[in-house]
Amino acid sequence: MAIDGLIILEPNGRPIIQTNFKTTSPAYPLLHIDAFNTALANSSNGQVDPVLYVSAHQGPSACCHMECGSGLRLLCPVSEDVDALYVFAFLQVFVDTLQDYLGEISSSILRDHFDVVYQLLEEMLDNGYPLTTERSALRDIVLPPSLLNKIMSVAGVSGLAKASSNPFTSPIPWRKLGIKHNNNEIYFDMVEDLRAIVNKNGTVISSQVWGKIETNSRLSGTPDLLLTLADINVLHDCSFHPCVRLQRWSRDKALSFVPPDGRFVLMDYRYAPSLPSTIVNTRQIPVPFSLLPSVTIEENGGTLNFTLTSRLSTRLIERLTVELYLGEGATGANCTVSSGGSWGFNPKTLKLRWEIQKAPQGSSHTLRGTFTTSKPQPQPSKAFQITFDISQYTFSGLKVDQLSVSHETYKPYKGVRGRSCGDIEWRW
């Protein structure tokens, strides 16, 4: 399964970087750029299907795309029978690698580091097939940019750090030999994402929690780690970094691995609460707040009255946003909110946005106001879109039970923390 190439578009729709399309005509990438820009221009809310059909003279093809950084778009044209998930998996790995090398991704940063981006593309995508995607191996081939290296190279100073002449000497593809750190430490972040739908009665009708263990390893030598987790019976559909020994997980439900150096995702999982054998229906995961919405439709407008209450007893809900699409023809809104909140109306997306930076445990927040529209019969969306973050909290309650190290004499510092976010569709 081959990918024809990769194109990076600026926010204005112009290509800033693209690979060589060796097996296609020069017009082939332009057709996909034009197809995406046309689909985006015809979209009323700025949302475009992630896979677009493109008609070309050599046959039909597809354009897989995803957003990254500050409004940038990555396009992947494919003309063969290729699984779309295969394409999106490569795009995500490429974006993660760019962030690892460059930090924030924007048009200006890509222009400043054209050489690094093209070198990464050459190493990661070989004639349409993903090749070297492990970051530790890539760092031996493509040096990360640094201000000192740039100044020295412009000044013509020799003796700078160079790429390894033999980057694949390590028997472990994801870890180099001879790694040394002054402080040996490893950090585990349990990150969970709740996606739910709540009906107008406030009942959760669909909910799923997907989680991952983000790891940052700064360990010297070649440590062999054994990580055990508490209450793993609630974890399902698990997937792992290549460093994890699957046989040990299948037998003992323990994570045995030699970690890469730096940041990586150790495992992904889906959280499902444990249920007695007598219960057939899946228990829904509760939403950490309640919303009492009142929307009254009137001629050329309407009245809004929302009350949001935190259900948590020990944690803050942070960066909580409530959005409501006011419908075609909406011209404005006039609202008042309780302390700690702010609101705004976007005339382009026609959405009312209510933001609460911090919602303390058990607190209530209100928004009251009116909106106007040029249409006699307003048709606002029948659902709110709510997003939030919670620090030091996980829906699953997943914890690290024990971490042991072998093949090394030191005892590393271990840091563990939880973090949750959510995206809720709340109907009224």
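The lining of the largest pocket comprises 21 nonpolar, 11 polar and 13 charged residues. Here Ala, Val, Leu, Ile, Met, Phe, Trp, Tyr, Cys and Pro count as nonpolar, Asp, Glu, Lys and Arg as charged, and the others, Gly among them, as polar. The structure is a predicted model, in which local features need pLDDT of at least 70, side-chain atom pairs count only at pLDDT 80 or more, and totals for chains, interfaces and linings use all residues. Residues are numbered from 1 along each chain as its sequence is written, and side-chain values use heavy atoms, with hydrogens and water left out.

**The largest pocket**

This pocket has a volume of about 1400 Å³ and is lined by 45 residues. Nearest its centre lie Asp 96, Arg 135, Arg 263, Phe 264 and Val 265. A pocket is an open set of points on a 1 Å grid over the protein atoms alone, where a 1.4 Å probe fits, with protein on both sides within 12 Å along at least five of seven lines; lining residues have an atom within 4 Å of a point. The volume is the space filled by probe spheres set on the points, which are joined across faces, edges and corners.

Helix H2 (84–102) gives the most to the lining, with 12 residues. Among the other elements that each supply at least two residues are helix H5 (135–141), strand S8 (185–198), strand S9 (204–218) and strand S13 (262–271). Helices (H or I, at least four residues) and strands (E, at least two) are DSSP runs, numbered from the N terminus.

**Salt bridges**

The model has 20 salt bridges, each defined as a side-chain nitrogen of Lys or Arg within 4 Å of a carboxyl oxygen of Asp or Glu.

| Glu 185 | Arg 218 | 3.1 Å |

Through shared partners, salt bridges join Glu 323, Lys 351, Arg 353 and Glu 355 into one network. Glu 323 is partly exposed, at 21% relative accessible area, and Lys 351 is partly exposed at 30%. Buried means under 20% relative accessible area, exposed over 50%, and partly exposed in between (1.4 Å probe, protein chains only).

The salt bridge of Glu 185 and Arg 218 links distant parts of the chain, strand S8 and strand S9, with the two residues 33 residues apart. Glu 185 is buried, with a relative accessible area of 15%, whereas Arg 218 is partly exposed at 32%. In the remaining pair of the table, Arg 251 is exposed at 56% and Asp 252 partly exposed at 38%.

**Two buried residues**

Met 190 belongs to strand S8 and is buried, with a relative accessible area of 1%. Beyond its neighbours within four places in sequence, Met 190 is in contact (heavy atoms within 4.5 Å) with residues including Lys 212, Ile 213, Leu 229, Thr 394 and Val 416.

Thr 19 is placed in the loop between strand S2 (15–18) and helix H1 (27–42), and is buried at 14% relative accessible area. A polar atom of the Thr 19 side chain lies 2.9 Å from the backbone nitrogen of Leu 6. Apart from neighbours within four places in sequence, Thr 19 is in contact with Gly 5, Leu 6 and Leu 121.

Methods: Polar contact = N/O pair within 3.5 Å; in protein donor to acceptor, adjacent residues only side chain to side chain.
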